[in-house]
Amino acid sequence: MKMLMNVPERVVSDALHGMALAHPELVVDVDNRVIVRRDAPVAGKVGLVSGGGSGHEPLHGGFVGPGMLDAACAGEVFTSPVPDQMVRAAAAVDSGSGVLLIVKNYTGDVLNFDMAAELAEDEGVQIAKVLVQDDVAVTDSTYTAGRRGTGGTLFVEKLAGAAAEEGADLDRVAAIARQVSDSSRSFGVALSACSTPAKGGPTFDLPAGELELGIGIHGEPGRERRAMMTSGEIADVAVDALLEDLRPDGPVLALVNGMGGTPLLELYGFNAEVQRVLTARGIPVARTLVGNYVTSLDMAGASVTLCQVDEELLRLWDAPVSTPGLRWGR
């Protein structure tokens, strides 16, 4: 596989260095792999910290900035960051109003964020945590006990981030984050395997002419493999799986997310099919986001995430945000 890099061992550090040069509004600690908004800590504001393995960009570092995260920690590719990074991030953004840790449900992330929470509290930082586990495809997987955290993470970070930016206290920000997590569901499909820099080739075998339904963002196995399907057929399967589990009784946010190797031309066409199914099922879509946001390196494929919203959550979604990966209203 051809990759635009120098050596695999430095791919994360090189990316962080490049991010620092492109985004002077961020403080990027390349050595410790922590990304912080430059004006942190913001007086009177709850800090939001998340993080995870690299390879899912723009998640999480690309979502640091006003209206979303205050800091993010980057691990090696598909590998959790370590507690020291998380403690460093929490200390950097704590204004005295507390810090919310947003954790995707992967075993390494959960264990390390739990340890970091204890260490940060020992240092006098008030901590709350929320676990994101929105993937309906499978219950247990390669890296998880329970459902995986995927596209719903974007909704949690955006909506909780907006509440924190408005001055909500830690209990309220955490409650909104949990509401969003509980109200979000995702389903992904892979058309090709992803390739990690260390391996230099595909991480699993997906024969030509087949796809994997319910794929994870690290290439974890999904529900089943089938012969290649049309965009409309994939939308039928994905949306039905989401609605069977979520059963919304009001409007939803819809994220049609690329896995990293699928062009916008195809994603917008897939969005049309997703919207067709939702309309046929009588589900009103309040807002739609299409693009590559929670990726799996160069995997071809897409995921669909739905989040049921009320008027307050919709207002928080529309609130200004200014990050490298998501920006409007400022």
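In this predicted model, Asp 135 and Arg 148 form a salt bridge, with their closest N and O atoms 2.8 Å apart. Asp 135 and Arg 148 both lie in the loop between strand S6 (127-132) and helix H4 (152-165), so the pair ties together parts that are 13 residues apart in sequence. Asp 135 counts as buried at 1% relative accessibility, and Arg 148 counts as buried at 0%.

A salt bridge also joins the side chains of Asp 245 and Arg 147 (2.4 Å, N to O). Asp 245 belongs to helix H6 (residues 231-246) and Arg 147 to the loop between S6 and H4, so this contact ties together parts that are 98 residues apart in sequence. Asp 245 is partly exposed at 27% relative accessibility, as is Arg 147 at 24%.

Salt bridges with shared partners connect Arg 37, Asp 39, Lys 45, Asp 70 and Glu 165 in one network. Within it, Asp 70 and Lys 45 meet at 2.6 Å, N to O. Asp 70 is buried at 2% relative accessibility, and Lys 45 is buried at 4%. The whole structure has 19 salt bridges, including these:

| Pair | N to O distance |
|---|---|
| Asp 135 and Arg 148 | 2.8 Å |
| Asp 245 and Arg 147 | 2.4 Å |
| Asp 70 and Lys 45 | 2.6 Å |

Turning to the sheet, six strands form an open, mixed arrangement in the order S9-S8-S7-S12-S10-S11. Strands S9 (224-227) and S11 (285-291) are at the edges with a single partner strand each, so one side of each has no neighbour in the sheet. Strands S7 (residues 184-190) and S8 (residues 210-213) pair in the antiparallel sense over two bridges, and Ala 190 stands opposite Glu 212 in S8. Helix H5 (residues 170-182) packs on the sheet, touching S7 and strand S12 (301-308).

Technical notes: Residues are numbered from 1 along each chain as its sequence is written. This is a predicted model: local features need pLDDT of at least 70, side-chain atom pairs count only at pLDDT 80 or more; totals for chains, interfaces and linings use all residues. Side-chain values use heavy atoms; hydrogens and water are left out. Two strands pair if DSSP finds at least two bridges between them. Helices (H or I, at least four residues) and strands (E, at least two) are DSSP runs, numbered from the N terminus. Contact means heavy atoms within 4.5 Å. Axes are lines fitted to C-alpha atoms, for helices over the stretch in contact, and angles run from 0 to 180 degrees between N-to-C directions. A salt bridge is a side-chain nitrogen of Lys or Arg within 4 Å of a carboxyl oxygen of Asp or Glu. Buried means under 20% relative accessible area, exposed over 50%, partly exposed in between (1.4 Å probe, protein chains only).
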